[in-house]
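Subject: Structure for your review

Dear colleague,

Please find below the structure that I am handing over to you.

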Amino acid sequence: GRKCSIGALYTTVERMEAKGLIRTWMGEATPQRGGRAKRMIAVTADGMEAAKGFYEAVTRVSRGAPWVTAVRRPA
């Protein structure tokens with residue numbers, strides 16, 4: 001429910017790109033955006049590995065936590 005400033009978002013995107021986790025490029029300018037181009041983002045293979053590692057770490061440390069055990073998991 002917290003708001004994120006556009007500056008904080010762009011700082012995060014720039015840091016992730018510098019680490020090789022994502023790549024960005026400018027798309028075409030469109031009339032819907034008042035002639036402005038949209039910044040496009042793609043996750044790299046390194047980014048996918050980092051996300052997988054993060055997910056596994058969170059899963060590992062949260063085993064048995066009350067907020068996790070209340071969630072029903074498929075059999």
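The notes below begin with the chain as a whole and then turn to its helices and to individual residues.

This is a predicted model, in which local features need pLDDT of at least 70 and side-chain atom pairs count only at pLDDT 80 or more, while totals for chains, interfaces and linings use all residues. Residues are numbered from 1 along each chain as its sequence is written, and side-chain values use heavy atoms, with hydrogens and water left out.

The protein chain holds 3 helices and 2 strands; helices (H or I, at least four residues) and strands (E, at least two) are DSSP runs, numbered from the N terminus. In sequence order the pattern is α-β-β-α-α. Of its 75 residues, 11% count as buried, where buried means under 20% relative accessible area, exposed over 50%, and partly exposed in between (1.4 Å probe, protein chains only). The chain exposes about 6700 Å², of which carbon and sulfur atoms supply 59%; accessible areas come from the Shrake-Rupley method with a 1.4 Å probe, and for residues only the protein chains shown count as cover.

The expected span is 1.5 Å times one less than the number of residues. Just after helix 1, G20 has a positive phi of about 80°. I6 belongs to helix 1 and is exposed, with a relative accessible area of 57%. Together with L9 and Y10, I6 forms a nonpolar surface patch of about 290 Å² of accessible area.

Helix 2 (residues 45-62) reaches 26 Å from first to last C-alpha, close to the 26 Å expected for its 18 residues. S62, in helix 2, is buried at 9% relative accessible area, and its side chain reaches the backbone oxygen of V58 at 2.7 Å. G64 follows helix 2 with a positive phi near 85°.

T44 sits in the loop between strand 2 (37-43) and helix 2. Leaving aside residues up to four places away in sequence, T44 touches G20, L21, I22 and R23, a contact being heavy atoms within 4.5 Å. The T44 side chain also reaches the backbone oxygen of L21 at 3.0 Å.

Yours sincerely

Technical notes. A polar contact is a pair of N or O atoms within 3.5 Å; within protein, one must be able to donate a hydrogen and the other to accept it, and residues adjacent in sequence count only if both atoms are side-chain atoms. Patches are made of residues with over 30% relative accessible area and no salt bridge: like charges are joined within 9 Å, nonpolar side chains (Val, Leu, Ile, Met, Phe, Trp, Tyr) within 5 Å. A salt bridge is a side-chain nitrogen of Lys or Arg within 4 Å of a carboxyl oxygen of Asp or Glu.
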